[in-house]
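Hi,

Here is the structure I promised to hand over.

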Amino acid sequence: MSVQDGGIEGAYNLAAAKPGGDNGDAPMPEYRNDKVVVRYDPKICIHAGECVRGLPSVFNVSKKPWIDVSGASADVIAEQVKRCPSGALTYELLKKAE
Ligand code: SF4
């Protein structure tokens, strides 16, 4: 699995937000199961905390990896990702496994 934890430490603490550029050209971390893949671009996250407040069973900065796509249904995750104000989170629904 090529999951790479991008982390959003300080999601609740804007003062702790790091300036961009610390991730260089590293590939965007992605978190997936057989129903959904969530991608996170730490370079454009504004640490608004919308994700961790809205769906803490999936987005939890005290866990590693901080995104757990098994924490909610793919549709619920998709709805939360749509609320990311910066566009740092994106998702893709995968074919449903029977
Ligand atoms: S909702 Fe988006 S911008 Fe806000 S903390 Fe989560 S990833 Fe970052």
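Of the 14 residues around the ligand, C45, A48, E50, C51 and C84 come nearest. A residue is near a molecule or strand here if its C-beta atom, placed from the backbone, lies within 6 Å of it. The shell divides into ten nonpolar residues, three polar and one charged. The classes are as follows: Ala, Val, Leu, Ile, Met, Phe, Trp, Tyr, Cys and Pro are nonpolar, Asp, Glu, Lys and Arg are charged, and the others, Gly among them, are polar.

Two points on provenance. This is a predicted model: local features need pLDDT of at least 70, side-chain atom pairs count only at pLDDT 80 or more, and totals for chains, interfaces and linings use all residues. Residues are numbered from 1 along each chain as its sequence is written.

Now the fold. The protein chain has two helices and three strands. Along the sequence the pattern is β-β-α-α-β. Helices (H or I, at least four residues) and strands (E, at least two) are DSSP runs, numbered from the N terminus. Of the contacts with a separation of 6 or more, 65% are between residues 24 or more positions apart. Contact means C-beta atoms, placed from the backbone, within 7 Å.

The three strands form an open antiparallel sheet, ordered β1-β2-β3. β1 (30-32) and β3 (89-93) stand at the edges with a single partner strand each, so one side of each has no neighbour in the sheet. Neighbouring strands are turned by 15° against each other on average, direction ignored. Three bridges join β1 to β2 (residues 36-40). Pairing requires at least two DSSP bridges between two strands. R32 stands opposite V37 in β2.

Helix α2 (residues 74-82) packs on this sheet and touches β2 and β3. Its direction makes about 150° with that of β3. Axes are lines fitted to C-alpha atoms, for helices over the stretch in contact, and angles run from 0 to 180 degrees between N-to-C directions.

Which residues of α2 are buried? They are I77, Q80 and V81. These cover an arc of only 100° around the axis, which puts them on the same side of α2. The arc is that of the directions from the helix axis to the C-beta atoms. The buried residues pack against β2, α1 (50-54) and β3. On the other side of α2, D75 and K82 are exposed. Buried means 20 or more other C-beta atoms within 10 Å of a residue's own, exposed 12 or fewer, partly exposed in between, with C-beta atoms placed from the backbone. Of the 98 residues in the chain, 23% count as buried.

Best wishes

Notes:
Two residues are in contact if their C-beta atoms, placed from the backbone, lie within 7 Å.
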